[in-house]
Amino acid sequence: MLKFYYHPSPNPLKVALFLEEASLPYELMPVDTRKGEQHSPEFLKINPNAKTPAIVDGDVTVFDSNAILLYLAEKTGQFLPENTPAARGQMLSWLMFVATGIGPYSGQAVHFKHFAPEPKEYAVNRYTFEAERHFKLLDAQLAKHRYMLGDTYTLVDMAVWGWARALPRVLGAEIWSSLPNLKRHLDEINARPAAQRAEALQTRFTFKTEIDADARKQLFPQNARLAG
């Protein structure tokens, strides 16, 4: 059975949504990142980058959430656009846009807003500006189409959903007033039974919630250089 290495955060939730939508059997393997389980030798053999999610599917190992989505979609033949070069080009473009833009800028915005020490005005301004700019591009695309690639629900919508549901933490709840099409898209996916099952996975395990000194050490190992 496919093993899914999971933490209840945006990137693993994309994969959880696909697995639930596709009705693929899987074993949920919790990785408590605030306890540092992502740095264990066992997990580093699966993902040397020490991040969730990752999957082990028989003799195949895949890490990085968007790589996993693409692997699962191609394996199952589900949630892909029509099989034309033009449609595949759009799929890859938007999928990588989420991977290289939405995720990194949103993650950095959260880090500098909520965790970085002062002074941080410059960094907060840069990353919140870029996160908002990227999300507005998604909103513009969704103004033209029901879903990211047109009228068909695909893996790209799942990739967007993972981060869109975290937008209030990234940019504040008031951001929705400027992203009406993305909000409509989020609400539609949230109403899907598979999305509700994906969200409910976090209740199956008790994950550490506090950001104490040890959690900061595990989440932000770069800080050791400052102390040194």
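These exercises walk through a predicted model, each with a worked solution.

**Exercise 1. Work out the order of the strands in the open sheet, and find its edges.**

Step 1. The open sheet has 4 strands in the order 2-1-3-4, and the pairing is mixed.
Step 2. Strand 2 (26-30) and strand 4 (60-63) pair on one side only, which makes them the edge strands.
Step 3. On average, neighbouring strands are turned by 15 degrees against each other, with direction ignored.

**Exercise 2. Follow strand 3 and find its partners.**

Step 1. Take strand 1 (residues 2-6) to begin with. It runs antiparallel to strand 3 (residues 54-57), and 3 bridges join the two.
Step 2. Look at facing residues. Lys3 stands opposite Val56, and Tyr5 stands opposite Ala54.
Step 3. Turn to strand 4. It pairs with strand 3 over 4 bridges, again in the antiparallel sense. Here Val56 stands opposite Thr61.
Step 4. Check the hairpin of strand 3 and strand 4. There are 2 residues between the strands, and Gly58 has a positive phi near 65 degrees.
Step 5. Sort the side chains. In a regular strand they alternate between the two faces of the sheet. Ala54 and Val56 point one way from strand 3, while Ile55 and Asp57 point the other way; all are buried.

**Exercise 3. Decide how helix 5 and helix 8 are arranged: roughly parallel or roughly perpendicular?**

Step 1. Two packed helices are described by the angle and the distance between their axes.
Step 2. The axes of helix 5 (residues 121-144) and helix 8 (residues 180-190) come within 7 Å and cross at roughly 75 degrees.
Step 3. Angles of 65 to 115 degrees count as roughly perpendicular. Helix 5 and helix 8 are therefore roughly perpendicular.
Step 4. List the contact. Phe135, Asp139, Leu142 and Ala143 of helix 5 meet Pro180, Asn181, Leu182, Arg184 and His185 of helix 8. These residues divide into 5 nonpolar, 2 polar and 2 charged.

**Exercise 4. Find the backbone exceptions in the loops.**

Step 1. Recall the rule. Most residues other than glycine have a negative phi, and most peptide bonds are trans.
Step 2. Find the cis bonds. Thr52 to Pro53 is cis, with omega near 5 degrees; Pro53 is in the loop between helix 2 (41-46) and strand 3. Glu118 and Pro119 are also joined by a cis bond, with omega about -5 degrees; Pro119 is in the loop between helix 4 and helix 5.
Step 3. Find the positive phi values. Asp64, between strand 4 and helix 3, has phi near 85 degrees. Phe79, between helix 3 and helix 4, has phi of about 60 degrees.
Step 4. Asp64 is partly exposed, at 42% relative accessible area, whereas Phe79 is buried, at 16%.

Terms used: Residues are numbered from 1 along each chain as its sequence is written. This is a predicted model: local features need pLDDT of at least 70, side-chain atom pairs count only at pLDDT 80 or more; totals for chains, interfaces and linings use all residues. Side-chain values use heavy atoms; hydrogens and water are left out. Two strands pair if DSSP finds at least two bridges between them. Axes are lines fitted to C-alpha atoms, for helices over the stretch in contact, and angles run from 0 to 180 degrees between N-to-C directions. Angles under 35 degrees count as roughly parallel, over 145 as roughly antiparallel, 65 to 115 as roughly perpendicular and the rest as oblique. Contact means heavy atoms within 4.5 Å. Ala, Val, Leu, Ile, Met, Phe, Trp, Tyr, Cys and Pro count as nonpolar, Asp, Glu, Lys and Arg as charged, and the others, Gly among them, as polar. Buried means under 20% relative accessible area, exposed over 50%, partly exposed in between (1.4 Å probe, protein chains only).
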